[in-house]
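Reader: Please show me how to read this structure, one feature at a time.

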Amino acid sequence: MSLIGLRSGGCLRRTFFLSALLLGMSAGQAADKISLDTLLSFDSLYKSVGVLGTQYSERAKLLNGKEVRMRGYMAPPLKPESKFFVLTREPVAVCPFCSSDAQWPSDIVVIYLGSALGPLNFSQRIEVAGKLEMGSWTDPETGFVSQVRIVNAEVRKL
Amino acid sequence: MACKPNSFVVALCAAVFSATCAAQTIFPLTRADILAGSKFDFKVEFDGVVDAAQVKVTINGQDYSKALGKSAELIAREDGKEVSSLLLRDASISKPGQYVVAASDGKGNATVTWTVYATPAKRVAKNVILFIGDGFSIGHRTAARILSRSVEGGKYTGKLAVDDMPYMALLSTQGTDSIITDSANAAHAYTTGHKSCVNALGVYCSRATSTLDHPKVETITSLAKRRGMAVGAVTNSEIEDATPAAMVAHTRRRSDYNDIVKMFYDSKIDVMMGGGSPNFLPKSTPGSKRADDVDYIDRFKQADYKIAITKTEMLAAANDVKTTKLLGLYNTGNVDGALDLKFLKKGSVAKFPDQPDVPEEMAAALKVLSRNKNGFVLMVESARIDKYSHSLDPERSIYDTIMLDSAVKQAKEWAKANGNNTLILVTADHSHAVSVVGTVNDDEPGVEMRNKVGTYEQAGFPNYPAPDAEGYPNKVDVSRRLRLVFGAYPDHYDTFRPFMDGEFVPTIRNADGVMVANEKYKSVPGAVLREGNLPNKGARGSNSGVHSGDDVILTAVGPGAEKVHGQMENTDLFRIMAEALALAPQQHGAAKADKKQ
């Protein structure tokens, strides 16, 4: 199983409801307490993105295992009840799991949520805060292989 | 025929006009044209669990095992379901003729007819170059001609290389499941000579559960390699994408990228170039999209391929006379299109500054492949004509059409300088609903962009600068520009101008799962919201333009090209290549005749 090799059938084209609570305000207030130097952009995550692999930046390596924030867009999820979603640099209109010819961008970050998330617009820019994890990891439930993750994450709209 | 008298089945039977509504489904499907000696999987799907003693399958009245030379496996419960199937992998028929295949389980019968065809005793072409402009439609062709050639006295001052060919045909592109194809079954028709269904490569679409278990048919890559020829596939899409994958792949689902990388490797194809490197990297490498730890870069290296990840490396590898196998991967995603690569430097050009364009890939491939004295088959794809048409980005699709033309021009020159024994075919895999309807003139008064659109005599001629040597105007955002419109589209903002900051992203899915216009373009001066005319929700919701079922044009030059004429099926293109290269095994009499010459 891989990012693009899941055989678990079609995508459920439903809204991404994990539960009722949208974290909007509370996460926003929490984010204010996090210092600016934990903000990691897609560009600053990598030293280089090359044909033969990416190299993480020194800063990303330093932040590995620490609390970070990243900004981007939530991709349409694999399943509405997923515990994770994919954060992309630019909006992704379709779920690559559902569309036979769509592929994930290569610089995605997988977000494992720490608490509930309400409906989100996939064209809404969001900020995710949580612990940065780097290195290949296979999700035991779905087989989804990720390289960079933010775990125990909270999400707020920008 | 086992049509039960209920209205649904009767309607279905009426709709398909054939025996396919019988209890059994036989693969290859009826009316298949099969190259003599080519391999195919023979499968009969029964609609229940059958008694082996009752099963009778004949070919032209004989037991099938006699005609095919071997016996099939009767799978009592296919994929654990209450259905039986007869399956014989790698069958072939060497004698040309009509073959009537009948299958009975003692209750129901089904019959299909195949035509097995031979090829001439002597090959007329040493090499074949097949150009596929993905989604390359008449609107793109006309637009490219307007930008690349001037008009004097109402006449073009020169022809496009794709037009300047002695033979032309219209190809119909429909498949086994639909009047509309995607790039998978469309390219599969060219590379195997068989029809198939959307998303399928190198297989008929059966009821098999695994995408890799469907009945396979042989690709031109395999056939040419069996005859000692070299084979190549170069593109500016990801190399695993449908069109290049059709050269080697056997899967019901084109998105099986990791499997497709293995299929490329197993095919021993000599040259392959494009983007899509992450599926070659072991999952432990950051940036990998593999689910295992197989390092395909290393495996290709071990199999004596030269590896190139930049244009500079590609040129060095191709110029080395010892290079006979080349794997070029120039981007993690698609290689940038011509407008970004050469002029605007947007897309991923900053990240990958040394990517070749399609003509450069082709030139390198020709050098490497022509080192095989038995000739070669090369597929050259300009892939992003289609991708930019999906994203409703007219200028990028037109520039990539010009790029296709530039590659064809070079190929014709190469063929002329190298023995005039290369068959060159130029076509599309499917079309888009695109049309040139006039121009947009910024100098017209007012602010409403629609009232700056010139139609009929008000269209006049656009004011792009004269094209460079490759046919590209070096400025795309001119004041009087072409108005190329898309006939099938999702909700989006129509900006009436080129997208100078990067490819258009017309449509986004909102929180309710509805495809809505991307608000990013709302503030572009003069932008107008276009309510889409495609489904916008549910499984059918589309975030992009879609393929059309219009026929595509095939033009051809070189030995064997004279068979291109009139209106043809897309599968006929395979037959033209097979005949030009005499890919079928020689019949006894024909072989003698060949020896006498």
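Reader: In which sense do β2(B) and strand β9 of chain B pair, and over how many bridges?

Author: Two strands pair if DSSP finds at least two bridges between them. Strands themselves are DSSP runs of E with at least two residues, helices are runs of H or I with at least four, and both are numbered from the N terminus. Here β2(B) and β9(B) (residues 109–117) pair in the parallel sense, over three bridges. Asp33(B), for instance, has Thr115(B) in β9(B) as its bridge partner. Note that this is a predicted model, in which local features need pLDDT of at least 70 and side-chain atom pairs count only at pLDDT 80 or more, while totals for chains, interfaces and linings use all residues. Residues are numbered from 1 along each chain as its sequence is written, and chains are lettered from A and ligands numbered from 1 in the order in which they are written.

Reader: In what order do the strands of the open sheet in chain B stand?

Author: The order is β2-β9-β8-β4-β5, five strands with mixed pairing. β2 (33–35) and β5 (62–63) of chain B are at the edges with a single partner strand each, so one side of each has no neighbour in the sheet.

Reader: How is chain B divided into domains?

Author: Domain bounds come from an automatic or database domain assignment. For chain B they give domain 1 (7–117), domain 2 (131–148 + 176–404) and domain 3 (436–465 + 475–547). Between the C-alpha centres of domain 1 and domain 2 of chain B there are 33 Å. Two residues are in contact if their C-beta atoms, placed from the backbone, lie within 7 Å. The contact between these two domains takes 13 residues from domain 1 of chain B and 13 residues from domain 2 of chain B. On the domain 1 side, β2 and β3 (40–45) of chain B each supply at least two residues, and β3(B) has the largest share, with four.

Reader: How many residues of chain A are in contact with chain B?

Author: Chain A places 32 residues in contact with 43 residues of chain B. On the chain A side, the elements giving two or more residues are β2 (53–56) and β7 (145–157) of chain A. Of these, β2(A) gives the most, four residues.

Reader: What helices and strands does chain A have?

Author: Chain A has three helices and seven strands. From the N terminus on, they run α-α-β-β-α-β-β-β-β-β.
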